[in-house]
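Here is a friendly tour of the packing in this model, taken one contact at a time. Keep the structure open beside the text as you read.

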Amino acid sequence: MLQCREEVLFLTKQLVNVESIVNTEGEKVMAEAVYTIVSSMPYFKGNPHLVRKQQTVDDERERYNVIALVKGTKSPSNKTVVLMGHMDTVGTDDFNHLKEKACDPLELMQALQEEKLPTSVESHLQSGEYLFGRGVLDMKSGVASHLYLLNYYSNHPEELSGNLVVVIECDEEDSSHGILSALKELQLLRDEHKLDYVAAINADFVSPRYEGDNNRYIYKGTVGKLLPSFFITGAETHVGSCFEGLDPNYIAASLTKQINYNTELCNEAFGETTVPPVSLKQTDLKPTYTVQTALSAYVYYNFFVHSWSPKDVLEKLRTQAEIAFDSALNEFKQNYLSYSKASNQPYVDVPWKPRVLLYDEMERLLIDTHGDSYVTHMLAYKEELLLDQELDTRMFAAKVVEEAWKWMPDKSPAIILFYSSLYSPRIEVTGKNEKEVNLLHALDAVVEKYQPQYQHPIVTRNFFPYISDMSFVALSDDEEGLKAVSDNNPGWGTKHYVNYEDIRAINVPVINIGPYGFDAHKQYERMELSYSLEIVPNLTNEVIQRLLV
């Protein structure tokens, strides 16, 4: 068993001390710090071409990945294991008056001694078994574990059969520019050194799944994440004549009631079930205050998948949107009828019917109707939108749909369904090929070996339950499923693009063995020391050894 606790702890503190909030200059500083750590290892001083600081591609921001390769000499082989982890973090505003100490674990923990803390947090602080700080759990201690193993094998290549590649990527917390760029470098390394990637091991954090859960989880594969979005149009009217029009916010509310927390939209696979969709934004698109109802509204929802494809999700949500639209209209008619009786005014039957279109259906309709004039206009419009650096992919997509809607020949109320952000693909590791079988056998054997040495259960599950860069090293979706993403994202090819062929070119089974702790992305983020600093590096190391023998 590797005696690694103190070295991994030292590296963790060193990394946490560098503030590397996503989409800030701190990401560049962090990459430089990691590059310095790696390039100063004796092995890389002698082989500087085996460590690379790679700038991300097709990125609006300058930032870098660090990628390093160690070639084993014990039994030279093409077999190669990839260790991966991200160096960026979420922000520190949630630390409030302790914000300046968020990246200094020792100062932060000293300051927390003076705070009134929740009971469990207080207990962990006083135990001496936890380290607090931004990024300590998500996921700089995991990166530290990988850097420890990189350093160990760079000093002892004679103990390594095959090869080890370590990828420390940026931008995991936002748009995954880091790993998507790293795929290109992994292909270059593979071709240059004739590598055979047999598995990838991520080191993102793991946490209890429910109160009182003492399991330490290892995940095979990962959940997929989509952002289904809805542009909703109504019929504008003065609020004094509210029943003469249809408020799109009213339809949006019905849609959210239908989709939010709807367990029919939980995706079960291999005995595991995703959480239901939850709204992440709901707004109308009125630029200023008026006494007219809004012309349009915009909502989007988080949506996790285990086995459903993006095409499946669109079909299911089209049905839900039709139900919501129909419900809203029926309720509208009942309210209108009730008001008419109360005010002694005539009731006029409303002309609207539920209408739900996918974005690609609307796009084909508009091209068929208007031809090149529509296509040329929309290309120019998107180019103009790209000049607004503050516009994220989600609002970019909404504005494209809003502009396209102006060309619709029939402007009666409708819901347009589309995707407005990155699809993080689901990954199943089930033993469907030799590489997966070898990885699963190695993992099972390693857990069996180390369980007697650790007091809490080490449990394997099929899907990492959070968004992670694991999604971008393999694909379980077919071409039709992926085409539903590209065809129905209004920003595709301009504001947003993913080269899925780069993922297919790597296509390696991936597991997650990561540090354990609580409150990632929260004020009291903390990492449990013994499992994270001792068990995690040894579990990872043993899997590497078994895969490369």
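## Helix 9 against helix 14

In this predicted model, the axes of helix 9 and helix 14 (residues 479–487) come within 7 Å and cross at roughly 60 degrees. That angle makes helix 9 oblique to helix 14. On the side of helix 9, the contact is made by Pro-310, Lys-311 and Leu-314, while helix 14 brings Glu-480, Gly-481, Ala-484 and Val-485. Sorted by class, the contact of helix 9 with helix 14 has four nonpolar residues, one polar residue and two charged residues.

## Two partners for helix 12

Let us turn to helix 12. Helix 11 (residues 372–386) packs with helix 12 (residues 393–405) at an angle of about 150 degrees, and the two axes are 11 Å apart. Because of that angle, helix 11 is roughly antiparallel to helix 12. The crossing of helix 11 and helix 12 is right-handed. From helix 11, the residues Tyr-374, His-377, Met-378, Tyr-381, Lys-382, Leu-385 and Leu-386 meet Phe-396, Lys-399, Val-400, Glu-403 and Ala-404 in helix 12. The residues of this contact divide into eight nonpolar, one polar and three charged.

Helix 10 (residues 359–370) also packs with helix 12, at an angle of about 35 degrees and with the axes 11 Å apart. Here the crossing is left-handed. Tyr-359, Met-362 and Leu-366 of helix 10 make the contact with Val-400, Val-401, Ala-404 and Trp-405 of helix 12. What classes do the residues of the contact of helix 10 with helix 12 divide into? Seven are nonpolar, with no polar and no charged residues. Val-400 and Ala-404 are worth a look on screen: they are listed in the contact with helix 11 and in the contact with helix 10.

Next comes an open sheet of eight strands, ordered 1-2-5-3-6-17-7-16, with mixed pairing. Strand 1 (51–55) and strand 16 (458–461) stand at the edges with a single partner strand each, so one side of each has no neighbour in the sheet. On average, neighbouring strands of this sheet are turned by 20 degrees against each other, direction ignored.

Within the sheet, strand 6 and strand 17 (residues 510–512) run parallel and are joined by three bridges. Which residue in strand 17 is the bridge partner of Asn-202? The partner is Asn-512.

## Helices across the sheet

Helix 7 lies across strand 1, strand 2, strand 3, strand 5 and strand 6, and runs at about 30 degrees to strand 2. Helix 6 lies across strand 2 (64–71), strand 3 (75–86), strand 5 (161–169) and strand 6. The direction of helix 6 is at about 160 degrees to strand 3.

The bridge partner of Phe-518 in strand 19 is Arg-526.

## Backbone details

A cis peptide bond joins Asp-138 and Met-139, with omega at about -10 degrees, and Met-139 is placed in helix 6. Lys-194 has a positive phi of about 55 degrees, although Lys-194 is not a glycine. Lys-194 lies in the loop between helix 7 (177–193) and strand 6 (196–202).

## Aromatic pairs

A search of the whole structure finds 24 aromatic pairs. In one of them, the rings of Phe-243 and Tyr-336 have centres 4.9 Å apart and planes at 10 degrees, so the pair is stacked. This pair links distant parts of the chain, 93 residues apart. Phe-243 sits in the loop between strand 9 (228–233) and helix 8 (248–259), whereas Tyr-336 belongs to helix 9 (residues 310–343).

How values were computed: Residues are numbered from 1 along each chain as its sequence is written. This is a predicted model: local features need pLDDT of at least 70, side-chain atom pairs count only at pLDDT 80 or more; totals for chains, interfaces and linings use all residues. Side-chain values use heavy atoms; hydrogens and water are left out. Axes are lines fitted to C-alpha atoms, for helices over the stretch in contact, and angles run from 0 to 180 degrees between N-to-C directions. Helices (H or I, at least four residues) and strands (E, at least two) are DSSP runs, numbered from the N terminus. Angles under 35 degrees count as roughly parallel, over 145 as roughly antiparallel, 65 to 115 as roughly perpendicular and the rest as oblique. A crossing is left-handed if the near helix is turned anticlockwise from the far one by less than a right angle, and right-handed if clockwise. Contact means heavy atoms within 4.5 Å. Ala, Val, Leu, Ile, Met, Phe, Trp, Tyr, Cys and Pro count as nonpolar, Asp, Glu, Lys and Arg as charged, and the others, Gly among them, as polar. Two strands pair if DSSP finds at least two bridges between them. Rings of Phe, Tyr and Trp (its six-membered ring) pair if their centres lie within 6.5 Å; planes under 30 degrees apart count as stacked, over 60 as edge-to-face and the rest as tilted.
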